[in-house]
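This briefing walks through a model of a two-chain assembly, moving from single elements to whole chains and then to the contact between them. Please keep the sequence and the 3D view at hand while reading.

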Amino acid sequence: MILPRRDFLKSCGALIVSFSSGPLSLLSAQSPGPFSTHPSHIDPEKLDSWLAVGDDGVVTAYTGKCDFGQGILTVQSQLVAEELCVRIARVKLIQCDTSICPDQGTTSGSQSTPTNFNSENLALAAATAREALLGLAAKKLGEPVENLTVADGVITGTMGRHVRYEDLIGNKHFNLALSARAKRRSAADWTVLGKPIPSLDRTALMTGQFEFVHSVRVPGMLHGRVVRPPEMGATVAHVDEQLVRNIPGLVKVVVRKDFVGVVVETQYQATLAARQLVVQWNPGPELPPQKDFFDHLQKQRAHDGLSVDSQDVDARLADASSVIRARYTYPYQMHGSVGASCAVADVKPASATVWSATQSAYPTRSIVARLLNMTLEKVRVIYVRGSGCYGLNGADAVSFDAAILSHAVGKPVRLQFSRQDEMMWENLGSACTVQLRAGLAHDGRIIAWDREDWVASLGNRPGYDQPGNVITGMLLGYEPELPEPRSAKPPAGKFRNQSNTVPSYFAGCIAGSCGGDGTIRSERALTHTVRSPFFTGPLRSPLRIQNTFANECFMDELCAHANADPVAFRLLHLQNSRVIGVLKAAAQAASWQARSSPKAGVSRAGTVSGRGIACVAYEGNNGYAALVAEVDVDLETGTIRPRRFVVALDCGPISNPDGLRTQIEGGILQGMSRALVEEVTWDNRRVTSIDWETYNSLYLDYDMPTVETVFVTPPNVPATGAGETAITVTPAAIGNAIFDATGARLREVPFTPQRVKAALAESAQGGEKV
Amino acid sequence: MREKITLNVNGQEHLVEVDAETPLLFVLNDELGLRGPRFGCGMAQCGACTVIMRGQVVRSCVMPVSAVGQDEVTTLEGLGTPEHPHPIQQAFIEEGAAQCGFCLSGVILTAKAVLDVKPDASDQEIRDALGGVLCRCFTHIRMLRAIRKYAEARRT
């Protein structure tokens with residue numbers, strides 16, 4: 001009997017949902033799979049760079065996208081299991097080890113899913129491997145591929161004869177290129193991918209067995225600490241080792257330009273040595289006052305860029321029946337990982353190994369090689385998870401620092417940052433201010449929209465060649481990436497909305513070709529990038545959350561002026577079916593009542609409640625979300641209490657709905673913490689947010705709102721990112737809900753009680769001042 | 001000054017030779033090789049280093065090892081194993097109540113300690129007990145759900 005192809009596909013794979021399936025590999029350092037080494041240059045075009053089948057039938061997959069809590073370990077294992085038709089327990093995933101994994105750059109920007117789950121890279125490798133194995137089996141069994149079925153790595157012919165993967169290729173190379181024609185299994189047939197497989201790391205995590213980079217121990221390992229400058233721009237004047245010489249176990253005080261660290265035998269003594277070492281510093285420049293920082297930002301010379309410019313905005317605004325203006329501000333915020341960063345480095349004369357929680361294993365290898373003056377081939381970076389990161393915490397800097405310390409003493413060194421090392425010197429989420437104006441026609445439609453933002457920027461991810469983008473490199477004398485002042489050029493090329501500078505309501509037209517999501521054709525979006533006094537970096541939803549806060553709250557202001565319902569008014573100015581899809585789905589799931597904001601007959605005392613909505617096409621095309629927030633506002637204290645969130649998300653085919661829900665819940669609540677309490681502070685000399693008493697976060701005692709999630713999945717679309725989409729709309733949805741409840745508009749994040757009360761007082765005076 | 005100190009951790013005696021002022025956390029990590037308690041802040045502000053002593057949660061990052069004395073120390077790995085997780089660990093596993101998981105010692109051990117003392121603790125009382133525990137991935141909802149599930153199961 002010849003099975004129709006569809007049945008064959010269906011028979012493949014097996015859904016195993018088990019709570020005890022955590023692979024053993026999670027309990028100890030990664031071992032490389034069936035081959036002792038891979039070539040030092042792993043060619044992503046070759047199948048063997050991605051997959052190997054051992055003689056035990058274990059499928060080892062090598063990926064350049066690593067899991068730091070977002071669940072990519074589990075979903076990549078699901079992907080491989082699905083495409084290769086094996087149980088997930090037979091898949092072993094090796095993440096981001098530069099000696100054996102393909103270089104996939106940085107795990108960031110909601111790019112892991114688009115990169116590895118569509119038609120390239122890991123997905124293509126797995127599909128290529130399945131087809132290759134079927135081809136080998138067809139030869140061996142003497143039957144055409146169409147006759148074969150496969151289940152859990154066993155290929156069976158029509159006569160009942162079968163052959164196992166390991167019999168075909170066990171411990172051998174495929175020696176094949178990735179086949180662009182290899183077919184992914186159809187989503188309709190998935191049995192492992194797309195299913196709520198419990199995250200593979202959870203048993204090890206909950207029982208305290210999981211290996212974090214903080215737990216890595218190497219024989220002969222010493223302990224390091226760094227001694228950072230007291231302020232940005234300070235340089236070493238003098239290091240006095242007198243007081244630390246008596247510390248037992250002191251191995252070395254390491255000074256390299258403005259980098260200072262100690263290496264000691266035990267961790268405790270290392271903390272003592274770092275505290276007692278006397279370093280005299282030449283002071284850095286004075287900082288601009290925090291109070292007027294955004295005015296300061298707007299006065300600086302800037303690198304200007306236009307995302308769109310229809311060149312008729314001023315004229316159209318002059319024609320408008322009314323023109324609305326507003327300025328929004330968003331503060332510096334922190335990644336603020338719960339664990340201060342840590343790394344272990346073992347630098348020998350001819351080789352260096354770094355165990356690192358970096359999201360950028362290969363770029364980190366490149367920077368370490370440069371800092372140690374070694375060739376690339378001699379450096380190996382092994383990814384080991386650290387504390388959740390959300391972008392760029394201290395993991396890169398601590399890896400460079402550990403390498404420098406180990407290099408200085410010729411022994412392995414474990415370096416643990418202090419809380420202050422972590423917070424005072426991290427690459428902060430950028431501070432940003434956005435100035436907006438829009439013109440409404442008599443019928444309330446928006447006819448023109450102009451927006452301008454000022455963004456503070458200094459440094460970034462170090463990438464492959466810019467050590468100065470984080471503190472270590474700067475201390476060693478490398479320059480950070482800086483915005484070079486220049487005036488804006490007219491927009492050219494394809495419309496891009498990567499930083500969500502452009503609201504979804506713009507037509508996004510460049511030279512007659514329109515790539516935006518909306519209908520407003522008189523449009524301008526100008527960005528001024530200004531040198532920041534502090535390091536900045538890609539904190540979850542970088543600039544997207546800042547821009548979307550301004551764009552979506554301002555949209556709400558326009559809507560209020562037009563006396564329209566916020567959902568209907570948005571729909572009036574949208575044309576992208578996927579944004580429209582999530583907007584409608586969220587409104588429906590939240591039982592949205594169509595009416596204008598603020599709510600009629602708002603009380604002037606006690607606690608009032610309201611609802612708000614915001615939506616976004618993340619990076620223009622990398623995921624779509626709409627969020628309804630329901631909040632209580634205590635009019636006496638100015639305290640905001642979000643009570644309920646309803647989110648609709650479209651990220652194309654979903655790899656693991658349970659993992660995705662976790663990401664969305666975490667994203668929204670993190671966004672809420674950022675909207676309500678998070679703000680980096682500084683005085684005239686230094687960052688003063690250096691621990692959890694000086695930087696606010698919502699702790700576990702916070703009375704959290706409920707989060708309801710609705711998935712919208714149109715047919716035949718590629719998989720997009722999902723981890724940064726919902727957080728992007730959270731501050732705006734909360735701000736709009738506050739307006740609905742009170743008539744007061746919050747234009748500054750975070751929405752502290754003080755600011756809420758000020759806005760309430762302003763709205764009570766009938767002012768809509770801007 | 002290095003001293004010989006006997007510690008009772010997770011039901012086993014350990015003899016260590018360390019400076020008496022060494023924080024308990026460093027001894028658990030560096031001398032005993034335990035992975036559950038972790039360095040978060042070193043200032044008792046976040047809970048990542050939490051252990052249980054005498055039924056109370058203790059921030060091991062600020063407790064000198066010499067202050068432990070004869071008290072039994074229980075870490076996250078002391079509750080249960082991957083093969084036989086403690087019921088509260090099992091509840092966290094079933095609810096998937098972790099993202100990066102770095103904070104779990106504080107969350108799980110603090111919840112266990114409060115429910116050991118007060119099995120019928122209200123949601124508010126459980127949350128109050130967790131007031132000094134930080135999760136920056138914001139897994140709050142699932143964590144509270146797992147704790148509630150465990151609390152209900154242990155009452156019946």
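A residue is called buried here if 20 or more other C-beta atoms lie within 10 Å of its own, exposed if 12 or fewer, and partly exposed in between. By that criterion helix H10 of chain A is mostly covered, with ten of its twelve residues buried. The model is a predicted one, and the values below are computed from it.

**Helix H10 of chain A**

- Helix H10(A) takes in residues 361-372, and the distance from its first C-alpha to its last is 16 Å, close to the 16 Å expected at 1.5 Å a residue.
- The buried residues of H10(A) include Ala361(A), Tyr362(A), Pro363(A) and Thr364(A), and Arg365(A) and Arg370(A) are also on that list.
- These buried residues pack against strand S15 (351-356), strand S16 (379-383) and helix H11 (395-409), which belong to chain A as well.
- Directly after H10(A) comes Asn373(A), which has a positive phi, near 55°.

**Chain A as a whole**

- Chain A contains 19 helices and 26 strands; its radius of gyration is 28 Å, close to the 27 Å that the globule rule gives for 770 residues, so chain A is as compact as a globular protein of that length.
- A box of roughly 80 × 80 × 50 Å, taken along the principal axes, is filled by the C-alpha atoms of chain A, and buried residues account for 58% of its 770 residues.
- Of the contacts in chain A between residues at least 6 apart in sequence, 78% link residues that are at least 24 apart.

**Domains of chain A**

**Nonpolar core**

- In soluble globular proteins, nonpolar side chains tend to be buried together.
- The largest nonpolar core in this model has 292 residues, and those with the most contacts inside it are Val582(A), Ala586(A), Ala625(A), Leu627(A), Val647(A) and Ile738(A).
- Leaving aside residues up to four places away in sequence, Ala625(A) touches a set of residues that includes Val582(A), Cys615(A), Tyr618(A), Val647(A), Leu649(A) and Thr728(A).

**Chain B as a whole**

- Chain B has six helices and five strands, and from the N terminus on its elements run β-β-α-β-β-β-α-α-α-α-α.
- The radius of gyration of chain B is 15 Å, which agrees with the value near 15 Å for a compact globule of 156 residues.
- The C-alpha atoms of chain B fill a box of roughly 45 × 30 × 25 Å along the principal axes, and 59% of its 156 residues are buried.
- Chain B is divided into domain 1 (2-78) and domain 2 (87-155), with 21 Å between their centres, taken over C-alpha atoms.
- Contact between these domains involves 15 residues of domain 1 and 14 residues of domain 2 of chain B, and strand S3(B) gives the most to the domain 1 side, with three residues.

**Where chain A meets chain B**

- In the contact between the chains, 52 residues of chain A meet 55 residues of chain B.
- Helix H6 (202-206), helix H7 (267-276) and helix H17 (657-676) of chain A each supply at least two residues of the side that touches chain B, and the largest share, seven residues, comes from H17(A).
- By class, this side of chain A has 18 nonpolar, 23 polar and eleven charged residues.
- The buried residues of helix H6(B), among them Ile141(B), Met143(B), Leu144(B) and Tyr150(B), pack against H17 and strand S26 (706-711) of chain A together with helices H3 (87-95), H4 (104-117) and H5 (123-129) of chain B.

How values were computed:
Residues numbered from 1 in each chain as written. Chains lettered and ligands numbered in written order. Predicted model: local features only at pLDDT ≥ 70, side-chain atom pairs only at ≥ 80, totals over all residues. Helix = DSSP H or I, 4+ residues; strand = E, 2+ residues; numbered from the N terminus. Rg over C-alpha atoms; globule rule 2.2 N^0.38 Å. Contact = placed C-beta atoms within 7 Å. Expected span 1.5 Å × (residues − 1). Nonpolar A, V, L, I, M, F, W, Y, C, P; charged D, E, K, R; others polar. Core = buried A, V, L, I, M, F, W, Y, C linked by C-beta atoms within 7 Å. Domains from an automatic or database assignment.
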